[in-house]
Amino acid sequence: MRSFLLLIVFLMLAILVNGQSLDELRKKKQKTNEQIKYTTKLLEEAKKNQTKTLNKFKILNKQIELRTNLITGINSEVGVLADFIDQNAWLVASLNADLEELKSEYARMIVYAQRNQTNYDKLLFVLSSNSFNQAYKRIMYLRQYTEYRKRQAELIQWIRDLIQVKVSRLQLQRAEKETLLQSKKREADQLTKEKTQQGQYLTTLQKKQKEFEKKLREQQQIEAQLSNEIQKIVEEEVRKARERARELARAKEATNKTGKPSAKSPASTGYEMTPEEKLASGQFEQNKRRLPWPVERGVITDHFGIHEHPVLKNIQVKNNGIDISTAQGVRARAVFAGEVSRVFMVTGGNMAVIIRHGKYLTVYSNLVNVQVKSGDKVAIKQTIGTIGTDGDDEKTVLKFQIWKENVKMDPEDWIAR
């Protein structure tokens, strides 16, 4: 019985671990479903314009990626449920075997009790002892035997109840697994349709090679302008730091009564942050992978770094940040508290805003109706402007970047997932 109880405890722990894994898979599936609903909404809005555009193609690619992830998640969920079903089926079989054994043993005990059921037989059993010690042991034996029978009856009932619970759970798990398999089939059918549509889009878009090459050159000019503005900010901050260091050195030299020259100015080491900037930098770093998105709702349709152009063959594109596609009229917001360093017009790309957070900079471009100006202090999630919508493509895309001084960072490593 001890081994049996230890086995049940071990199995319960295994089910608990699998249960946590199943909860995580369900949460991930729910989040993916929400993203799919949003990309579907964006695609439906884009369908008002019958023209096949690059942004529609990117959103469709994201939709396919999300649906593929969803099917993978469903497969994992089915696998965990299959493990549950196997474990519960094995446990039910083991419990049934143990129950039959207990019932047989209990039946033998009842037969024995019926043969010796009179109080006279029990009294005779005690009085026939050879000594007082033996009589005492026989009395204790009769009491323990009675208690043992009672515990056996209770254990049999407990196992019966446990089997009933496990059988009910087993039926629910099998039904849930069947529902998941049906859901997987629906998603797979939808994925097939989306891939067909993807192929049609690609065929159409590949005929617009010159147009895309022109837009690519324009985007490269915008990226270069943003990089230049950021470099100006870094150089200006270094210059200010050097001026502060020189003033500090002059003040020390003026108060040096011995007339000895002061220590070498720290300005020669480069940019030295103020205590407030050091604090802001530390707080920003501590929130890595926890920063809020620069939009309330959106999907990433272009990633950081160098990668193949989605349409043009043998052409690589470079993105210093990420592109977030969203709905028309959505506003951009600061991902962290800081100070606005620059607000400027990007040639062919609406407005851009750069916010400093200590040694870190966040960049938000393709904005209209900007609501902040240079020098403003902004709070986390504060609105900084509305994301512009392209008149031809009808795309609403925020271009978002994170820099550590003049070093580009991948924003997906910083924002919450």
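This is a predicted model: local features need pLDDT of at least 70, side-chain atom pairs count only at pLDDT 80 or more; totals for chains, interfaces and linings use all residues.
In soluble globular proteins, nonpolar side chains tend to be buried together. In the present model, the largest nonpolar core comprises 38 residues, and those with the most contacts inside it are Ile355, Tyr364, Leu367, Ile384, Leu398 and Phe400. Two or more residues of this core come from each of the helices α1 (2-46) and α2 (54-115) and from each of the strands β1 (299-302), β4 (322-325), β7 (351-357), β8 (360-368), β10 (383-387) and β11 (397-404), with α2 giving the most, four residues. When its neighbours within four places in sequence are left aside, Phe400 is in contact with Pro294, Gly321, Ile322, Val335, Thr362, Val363, Tyr364, Pro411 and Ile415. A second, separate core has 12 residues, among them Ile222, Ile230, Ile233 and Ala352.

The largest pocket has a volume of about 980 Å³ and is lined by 42 residues, of which Lys215, Gln219, Asp390, Lys395 and Lys399 lie nearest its centre. By class, this lining consists of eight nonpolar, 19 polar and 15 charged residues. At least two lining residues are supplied by each of α2, α5 (209-254), β1, β3 (316-319), β4, β8 and β11, and α5 gives the most, with 10 residues.

The second largest pocket holds about 520 Å³ of space, and of the 21 residues that line this pocket, Lys31, Gln35, Trp293, Gly298 and Arg417 are the closest to its centre. Its lining includes at least two residues from each of α1, α2 and β1, the largest share, six residues, coming from α1. Seven nonpolar, five polar and nine charged residues make up the lining of the second largest pocket.

Key: Residues are numbered from 1 along each chain as its sequence is written. Side-chain values use heavy atoms; hydrogens and water are left out. A nonpolar core is a set of buried Ala, Val, Leu, Ile, Met, Phe, Trp, Tyr and Cys residues joined through side-chain atoms within 4.5 Å. Buried means under 20% relative accessible area, exposed over 50%, partly exposed in between (1.4 Å probe, protein chains only). Contact means heavy atoms within 4.5 Å. On a 1 Å grid over the protein atoms alone, a cavity is a set of points where a 1.4 Å probe fits but cannot get out, and a pocket is an open set with protein on both sides within 12 Å along at least five of seven lines; lining residues have an atom within 4 Å of a point. Grid points are joined across faces, edges and corners, and a volume is the space filled by probe spheres set on the points. Ala, Val, Leu, Ile, Met, Phe, Trp, Tyr, Cys and Pro count as nonpolar, Asp, Glu, Lys and Arg as charged, and the others, Gly among them, as polar.
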